Amino acid sequence: MDKVNIAEKLSLFQDHWNPRIVGELNGQHVKLVKFKGEFVWHKHDNEDELFYVLKGSFRMEFRDKTIELSENEFLVVPRGVEHRPVAESEVSIMLFEPCTTINTGDQNTNLTREKLDTI
């Protein structure tokens, strides 16, 4: 049982679209990730995802709408809903999602991370 300093953990990496695990509870991972640019359209058939904006802003695109998110806002994307995060500038995100969640969901691309580092 240790406290986690989010700013310290974010300083440990600079790359984008590569989540790191910083905690685990009740079968859920708490992850930190930095976004910049466009991600791949995807969905998760069995998992909901929570995106909490720590620093910066981004938009979550859905096939029928777009939601803008800024610091201290979060969004839950329900399972089965196709989505794509897009960040014009770097944004730092905390994710809450089941341990089984693969970042690109039903898509397998060069951005897919099946094995995540714990920091």
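## An aromatic cluster

Trp17, Phe35, Phe39, Phe51 and Phe58 come together in one aromatic cluster. The model is a predicted one, so local features need pLDDT of at least 70, side-chain atom pairs count only at pLDDT 80 or more, and totals for chains, interfaces and linings use all residues. Residues are numbered from 1 along each chain as its sequence is written, and side-chain values use heavy atoms, with hydrogens and water left out.

Five aromatic pairs are found in the structure. Rings of Phe, Tyr and Trp (its six-membered ring) pair if their centres lie within 6.5 Å; planes under 30 degrees apart are stacked, over 60 edge-to-face, and the rest tilted. Strands (E, at least two residues) and helices (H or I, at least four) are DSSP runs, numbered from the N terminus.

Phe58 also pairs with Phe51, this time in a tilted arrangement: 6.3 Å centre to centre and 45 degrees between the planes. Are these two residues buried or exposed? Both Phe51 and Phe58 are buried, where buried means under 20% relative accessible area, exposed over 50%, and partly exposed in between (1.4 Å probe, protein chains only). Phe58 has 2% relative accessibility, and Phe35, at 4%, is buried too.

## The cavity beside the rings

The structure holds one cavity of 30 Å³ or more, and the largest cavity has about 110 Å³ of space. Here a cavity is a set of points on a 1 Å grid over the protein atoms alone where a 1.4 Å probe fits but cannot get out; lining residues have an atom within 4 Å of a point. Grid points are joined across faces, edges and corners, and the volume is the space filled by probe spheres set on the points.

By class, the lining has eight nonpolar, three polar and two charged residues; Ala, Val, Leu, Ile, Met, Phe, Trp, Tyr, Cys and Pro count as nonpolar, Asp, Glu, Lys and Arg as charged, and the others, Gly among them, as polar.

## Strand 7 and its partners

Twelve of the 16 residues of strand 7 are buried, so this strand is largely enclosed by the rest of the structure. Strand 7 runs antiparallel to strand 2, joined by ten bridges; two strands pair if DSSP finds at least two bridges between them. Strand 3 pairs with strand 7 in the antiparallel sense over five bridges, and there Phe51 stands opposite Leu95. Strand 4 is also antiparallel to strand 7, with four bridges, and Met60 has Pro85 as its bridge partner.

## Charges over rings

Lys34, whose bridge partner in strand 7 is Ser92, lies over the face of Phe13 at 5.0 Å from the ring centre. A charge sits over a ring if NZ of Lys or CZ of Arg is within 6 Å of the ring centre and within 35 degrees of the ring normal. Phe13 is in the loop between helix 1 (6–10) and strand 1 (20–25), and is buried at 4% relative accessibility. Arg63 lies over the face of Trp41, 3.8 Å from the ring centre.

Notes
On a 1 Å grid over the protein atoms alone, a cavity is a set of points where a 1.4 Å probe fits but cannot get out, and a pocket is an open set with protein on both sides within 12 Å along at least five of seven lines; lining residues have an atom within 4 Å of a point.
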